[in-house]
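I want to see which of them pair up and where the partners sit.

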Amino acid sequence: MLMRGASIIMKSLETLGVDVVFGFPGGQVLPLYDALLDSNVRHVLVRHEQAAAHAADGYARASGRTGVCFATSGPGATNLVTGLATAFMDSIPLVAITGQVGVGLLGRDSFQEADISGITIPITKHNYIVKNPADLARTICEAFHIASTGRHGPVLIDVPKDVQAAETEFVWPQSLDLPGYRPRIEPDPTQVAAAATVMLSAKAPLIYAGGGVVASGASADLQALAGYLQAPVTTTLMGLGAVPYDSPLFLGMPGMHGTRAANRAIQECDVLVAVGARFDDRVTGRVDRFAPNARIVHVDIDRAEMGKNVRVDFPVLGDARACLRALLERIQEMRPATGGLACAAGCSEGTGVVTYPGRAAWLSRLASFKRNGNGKKPPSVNGHSPRPARVLRDLMEIAGEEAVITTDVGQHQMWVALYYGFTRPRTLLTSGGLGTMGYGLPAAVGAQVARPGSRVVLVSGDGSFLMNSQELATVAANRLPLKMIVFNNGCLGMVRQWQELFYRRRYSQVALDGSPDLVKLAGAYGIQGMRVAKPARVAPALREAFETPGPVLVDLVLDTEENVFPMVPPAASLDEMIEGPGSVN
């Protein structure tokens with residue numbers, strides 16, 4: 001039976017199990033939106049195409065499935081760019097389908113023509129322009145395979161309007177053959193053996209886990225390996241939740257706003273085992289002084305990451321879960337009972353539990369850092385404005401461990417990373433690599449759609465929130481029960497903090513004068529809002545917000561000069577932390 005190209009697109013999405021797409025229609029995708037009416041796929045109409053990409057991204061992060069978004073050609077397609085770049089930097093599986101001018105109009109500067117496939121080459125894992133409707137089903141099948149295998153990432157499919165309207169047979173591919181694309185899943189046994197040997201010989205090991213652990217579903221395997229080795233763990237921003245915050249082995253996040261224990265551990269460890277992490281500059285600080293005493297094991301599925309930012313002594317190429325399982329199996333084979341290498345490290349075996357007496361001093365030293373300066377104890381409520389640490393501890397208690405937290409980017413994002421205790425993977429959705437302000441609200445929309453039975457909470461700053469606040473309409477129209485907490489300090493807080501610390505308080509363009517009353521703004525969309533300016537009102541207001549059906553916005557008034565500490569200054573090493581106003585350790 002002949003089908004229009006647009007119907008083939010929808011049929012292909014249904015075949016792949018897609019249940020929802022996020023998008024915004026326009027002239028060059030009218031055939032697709034017409035076909036949507038005959039489909040079982042749910043469409044969430046956002047108010048800006050950028051939000052469509054962020055919502056699909058949030059859907060993917062919360063569910064582990066591939067997110068999908070639609071946009072029309074030209075400005076509709078280019079409005080996706082920030083969302084695609086955000087997903088690319090954080091390795092999120094996403095498929096964007098854009099409309100394009102007719103094939104005969106390509107290259108003629110036609111109305112709303114933009115070379116979106118060319119524009120997005122650097123920020124997508126792969127992209128297509130489909131000029132033959134007979135290629136649509138195979139292309140969509142390939143796009144989903146590429147987006148969700150190997151190192152995950154966004155794929156764009158650009159479809160001219162006449163291709164959407166043309167008729168052909170629907171033929172679903174029975175198999176895929178992608179020459180040159182063979183992501184390695186299982187690691188090389190030789191690499192595993194070498195890494196296992198150095199890990200067992202360590203006196204001061206440290207595991208540094210990133211978003212690859214979450215993406216591959218390897219959290220349990222990571223915890224098993226850390227427990228067996230009795231190795232402390234630090235996770236990147238993207239890896240938070242992979243290890244429960246209250247695990248004795250968990251040190252918190254490293255880097256510019258990392259914890260004292262995590263940063264000291266990196267600087268003092270003798271073996272650093274990086275798993276699914278890419279050593280970005282916000283973590284390493286000054287690269288030539290990063291982990292100066294450590295031999296580095298790097299487990300990653302992307303060969304290009306090996307040695308890109310820091311030297312790697314023992315690469316292990318493969319899927320994080322497969323590699324962790326192989327490493328644990330190999331290490332268990334080398335247990336002290338078999339003699340040899342592990343005994344040389346001072347290991348002994350008890351009743352089913354391997355212990356490493358030689359590491360006691362190491363673990364004890366890190367534990368002392370955790371007790372004295374990890375920021376997990378919120379300050380007492382003595383000031384006139386709510387304190388971020390206290391707010392987030394209250395939020396954690398009220399929202400519960402299963403709540404999904406989305407953030408924007410700025411001070412509030414770092415406060416969440418420092419003070420909110422994540423216990424499960426896929427419960428923190430945040431723009432790590434690109435640092436995209438305006439990400440949080442649409443990502444929360446996607447997360448709530450993906451997990452309708454879960455509590456989804458947006459924690460944002462006023463600057464970030466206003467960048468995509470039009471999506472309050474999407475929240476209202478879809479009756480999404482989001483709870484939105486805006487840390488409102490009336491300025492661009494992180495920029496202001498940098499100007500205070502590194503530009504001699506010469507504040508330039510950080511005051512957000514003219515911002516709307518957020519409570520009234522929420523009210524304009526039919527959403528309940530409340531303002532909290534006193535510390536004692538925080539917990540009662542949060543409880544009221546969670547007890548109220550439907551969406552609620554809490555406008556939390558903070559002191560403008562509230563800063564995030566600890567902080568490693570730009571271009572400094574991790575042991576040059578500023579732990580508070582005027583203090584350098």
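I'm working on a predicted model, where local features need pLDDT of at least 70, side-chain atom pairs count only at pLDDT 80 or more, and totals for chains, interfaces and linings use all residues. Residues are numbered from 1 along each chain as its sequence is written, and side-chain values use heavy atoms, with hydrogens and water left out.

My pairing rule: rings of Phe, Tyr and Trp (its six-membered ring) pair if their centres lie within 6.5 Å, with planes under 30 degrees apart stacked, over 60 edge-to-face and the rest tilted. With that I get 8 aromatic pairs.

I looked up Y33 and F70: they are edge-to-face, 6.0 Å centre to centre, with 80 degrees between the planes. Y33 sits in helix α2 (residues 30-36) and F70 in strand β4 (residues 67-71), so this pair ties together parts 37 residues apart in sequence. For burial I use relative accessible area: buried is under 20%, exposed over 50%, partly exposed in between (1.4 Å probe, protein chains only). Y33 comes out buried at 13%, and F70 is buried at 0%.

Next I checked W498 and F502, also an edge-to-face pair, at 5.7 Å between centres and 80 degrees between planes. Both are in helix α22 (residues 493-502), and being 4 residues apart they are separated by about one helical turn. W498 is partly exposed at 21%, and F502 is partly exposed at 28%.

Note on methods
Helices (H or I, at least four residues) and strands (E, at least two) are DSSP runs, numbered from the N terminus.
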